[in-house]
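Hi,

Here is the model I promised to pass on to you. Have a look at it first, and then read my notes below.

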Amino acid sequence: MSNEFGSTLAVTRDTHRTVVRPNPMTHVVIPLVAVLVASFVLMQHYGDLQVSAWLYAAQGHSWALKDAWITEQVIHKLGRNLSVGAGLVVLGLAIASAWKPSLAGLRRPLLRLFVSVALSTILVSLLKKHTGMDCPWDLTRFGGSREYYGLFDARPAGVRASGCFPAGHASAGYAWLALYFFALEVWPRWRYPALGLAAAMGMLFGISQQLRGAHFMSHDVWTAAICWFTALALFVLWPPKKTADAARGRSGAAD
């Protein structure tokens, strides 16, 4: 065991790089507790409504930024397109690694990164269709026509939900939390800058949508959680090659 990297459980070395395994406390327990605490405050104690009420009041009791150029055209539309484009670049590099010897060692982490980004956004999109929460701009208190119903509240017959939970656009940023695990395998020293970059992207996209009245803060929290745990699960189930080979070697020795 090694504690060379503070957030690791084990270290596997080869002549080119150090591959580390996620520590359950820092990668599972702490994020999960943070999500549950945030959800308790935002959803059970109406923190969501308080934050949205403040944003709504700050814009003159309207969603003045809903159709603003910076929030809709730049951060929402252009930001989404850039995220999709980045995903295609990752896929292209993964495919090119079959012919480019210089990329051969990156094939596994590149493919995992692409799958993680794609799967995270798909999961968020599927959940939006089944959870049925409204957006702030749908609610009567924020200029809409509907009453507020929590995530697990029963809706009266005939009351259609908007499907705003979790936050779809924020997933275009938070899905890149998978960059942390990419760096963890390829360039461990860069894992925290990668994590910070992805978190900043997700926060930018998420806060922009909150300013437009499209989402509550808890929607972004759960999107971040889905993207993080999806990336973590793929890293564990589809581990770095050296780690996988070492595990098979230990299994064979035990026999």
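**What turned up inside**

The structure, a predicted model, holds one cavity of 30 Å³ or more. By cavity I mean a set of points on a 1 Å grid over the protein atoms alone where a 1.4 Å probe fits but cannot get out; grid points are joined across faces, edges and corners, and a volume is the space filled by probe spheres set on the points.

Two notes on the ground rules. This is a predicted model, in which local features need pLDDT of at least 70 and side-chain atom pairs count only at pLDDT 80 or more, while totals for chains, interfaces and linings use all residues. Residues are numbered from 1 along each chain as its sequence is written, and side-chain values use heavy atoms, with hydrogens and water left out.

**Overall layout**

The protein chain has nine helices and two strands, taken as DSSP runs numbered from the N terminus (helices are H or I, at least four residues; strands are E, at least two). Along the sequence the pattern is β-β-α-α-α-α-α-α-α-α-α. Of its 255 residues, 45% count as buried, meaning under 20% relative accessible area with a 1.4 Å probe and protein chains only. Taking contacts (heavy atoms within 4.5 Å) between residues at least 6 apart in sequence, 70% join residues at least 24 apart.

**The cavity and the pocket**

The largest cavity has a volume of about 40 Å³. Its lining residues (an atom within 4 Å of a point) are Pro109, Arg112, Leu113, Ser116, Ala178, Phe181, Phe182 and Ala231. Helix 4 (107-131) gives the largest share, four residues, and helix 6 (178-186) also supplies at least two. By class the lining has six nonpolar, one polar and one charged residues; here Ala, Val, Leu, Ile, Met, Phe, Trp, Tyr, Cys and Pro count as nonpolar, Asp, Glu, Lys and Arg as charged, and the others, Gly among them, as polar.

The largest pocket (an open set with protein on both sides within 12 Å along at least five of seven lines) holds about 520 Å³ of space. It is lined by 26 residues, of which Tyr174, Leu177, Val221, Ala224 and Ala225 lie nearest its centre. Helix 1 (24-44), helix 2 (47-58), helix 7 (191-212) and helix 8 (217-237) each give two or more residues to that lining. The pocket lining has 20 nonpolar, five polar and one charged residues.

**The disulfide**

There is one disulfide, counted as a pair of cysteine sulfur atoms within 2.5 Å. It joins Cys135 to Cys164, with S to S at 1.6 Å, and is left-handed, at -55 degrees about the S-S bond. Both cysteines lie in the loop between helix 4 and helix 5 (168-174), so the pair ties together parts that are 29 residues apart in sequence. Cys135 is buried at 6% relative accessibility, and Cys164 is buried at 4%.

Lastly, Ser52 sits in helix 2 and is buried at 3% relative accessibility. Beyond its neighbours within four places in sequence, Ser52 contacts Trp63, Pro136, Phe142, His215 and Phe216.

Best wishes

Conventions. Buried < 20%, exposed > 50% of the residue type's maximum accessible area, 1.4 Å probe, protein only.
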